[in-house]
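Let's take a walk through this structure together. Have a look at it first, and then we'll go through it piece by piece.

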Amino acid sequence: MDKNTTTPPLITIERHIFEQQRRFPQATGTFTKLLQDMALAAKIIATETTRAGLTNILGSAGSDNVFGERQQKLDLFADKIIYEMNDHTGRVAAMASEEHEGIIEIPPHYGTGNYVLLFDPLDGSSNIDVNTSIGTIFSVHRKFTRDAHGTMEDMLQEGKRLVASGYVIYGSSTMMVYTTGQGVHGFTLDPAIGEFILSHPDIKIPPKPLYYSCNQGYEKYWTPGVRRFVKWLQGIEGKGHTPMGHRYIGSMVGDFHRNLLKGGIFFYPGELQDKKKPYGKIRLMFEAQALAFVAEQAGGYASDGVGDILEIRPHSLHQRVPIFMGNTELVKKAEEYIHNYDQEWLSYYLPHRRKGTELDDLATNAKESRPNKKK
Ligand code: AHG
Ligand code: MN
Ligand code: MN
């Protein structure tokens, strides 16, 4: 080979994951293979999303998920593929999906491993029928209970304990973006060879943000602080601030991805419309934690308006959480407005947020008060 060649090496996702693993001599390779399984699932889902109009897979499946949300055929297809790529490998102890109420167990005839996998198989599914970007979101926690099968405790871990997370965006091209806590790396699927090729190494959110993304149509339901914050983004409130552009697709993966590369903030705030549901729409375990980890690793920040999303103690699998994520100074500004103007909303939201901590305390107390078993 000519050593003077200037062509950069073609780095496939497999090679990249493998090279990251080599930095940890104690690594067994299981985790590396788990990420490769996700990449394979992504390729299969991408094949269908790009041919959806041709394969009778557009539209509603005629069923609702357990939360009454209409399931699209592609939602169910993606859910099945991710499950099938991971059920038999012996790498995963349990899975959980936005489309299922409880834990998805590994069939008894297959082995189990040290990780639990959580996913939103298709994000932005209301956009499937109109040929707009959609995505898949995934995250991996290490199983810490002794049970060979993953338990709810293994699932409900804080985001700061994630070992990996990422997303796939099915857009003008298909990209997989992931982090294992060593920066954020993006790979573009080359359809000619069917491989994800490193195209965006070590992504960092640009310091000068361009866009804010939210469903402004729901402003009526927002809190006073969030309304003021948006006026600030628009340069109406505060001094000398150039207005930012507003862009919103309604696919969080798409909106987040654009803002990750261009700089900006995505938010889906808490609301006051129903005081029993002050937390907005986005799911902590299937959507928020995963993207918060990516945002943090790209030099940004994700908050629920009160504090770091990655520090929230989860209390249920389908828990919803307000989310503000992107450039750190914008997210901090949102927190400031909420702190200054949203005391009423906080009085409804904080008990909901604390529930995880209280459950944790209960569990610890229960363990401590349990009579000592034979050692
Ligand atoms: P999903 O398709 O997985 O249910 O998620 C949709 C989410 C998210 O992707 C998006 O940001 C948001 O819903 C859009 O909601 P609105 O239509 O309320 O803006
Ligand atoms: Mn989603
Ligand atoms: Mn979904």
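Helices (H or I, at least four residues) and strands (E, at least two) are DSSP runs, numbered from the N terminus. A residue is called buried if 20 or more other C-beta atoms lie within 10 Å of its own, exposed if 12 or fewer, and partly exposed in between, with C-beta atoms placed from the backbone. Gln216 has 11 C-beta neighbours inside 10 Å, so it counts as exposed.

A quick word on the ground rules. This is a predicted model, where local features need pLDDT of at least 70 and side-chain atom pairs count only at pLDDT 80 or more, while totals for chains, interfaces and linings use all residues. Residues are numbered from 1 along each chain as its sequence is written, and chains are lettered from A and ligands numbered from 1 in the order in which they are written.

**Two domains**

The domain assignment of the protein chain gives domain 1 (13-200) and domain 2 (211-359); such bounds come from an automatic or database assignment. Their C-alpha centres lie 24 Å apart. The contact takes 33 residues from domain 1 and 27 residues from domain 2, where contact means C-beta atoms, placed from the backbone, within 7 Å. On the domain 1 side, β6 (134-142) is one of the strands that each supply at least two residues, and β6 gives the largest share, 5 residues.

Where does ligand 1 lie? Both domains give residues to the shell around ligand 1, so it lies between them. Among the residues around ligand 1 are Glu98, Asp120, Asn215, Tyr268 and Lys281; to be near, a residue needs its C-beta atom, placed from the backbone, within 6 Å of the ligand. By class, this shell has 2 nonpolar, 5 polar and 4 charged residues. Here Ala, Val, Leu, Ile, Met, Phe, Trp, Tyr, Cys and Pro count as nonpolar, Asp, Glu, Lys and Arg as charged, and the others, Gly among them, as polar.

Strands of a sheet pair through backbone hydrogen bonds, either parallel or antiparallel. Two strands count as paired if DSSP finds at least two bridges between them.

| Strand pair | Bridges |
|---|---|
| β7 and β8 | 6 bridges |
| β8 and β9 (residues 184-190) | 5 bridges |
| β13 (residues 264-268) and β15 (residues 323-326) | 4 bridges |

The hairpin of β7 and β8 has 3 residues between the strands. Val168 has Met176 in β8 as its bridge partner, and Val177 has Gly186 in β9. In the hairpin of β8 and β9, Gly181 takes a positive phi near 90 degrees.

Is β8 covered or open? Both of its faces are covered, with Thr174, Met176 and Tyr178 on one side and Met175, Val177 and Thr179 on the other, all buried.

**The core**

A nonpolar core is a set of buried Ala, Val, Leu, Ile, Met, Phe, Trp, Tyr and Cys residues joined through C-beta atoms within 7 Å. The largest one has 99 residues, and Met176, Leu291, Ile323 and Met325 touch the most other members. Helix α7 (residues 284-297) gives the most to it, 10 residues. Leaving out residues up to four places away in sequence, Met176 touches Ile13, Ala39, Ala42, Gly166, Val168, Phe187 and Phe196.

Methods: Contact = placed C-beta atoms within 7 Å.
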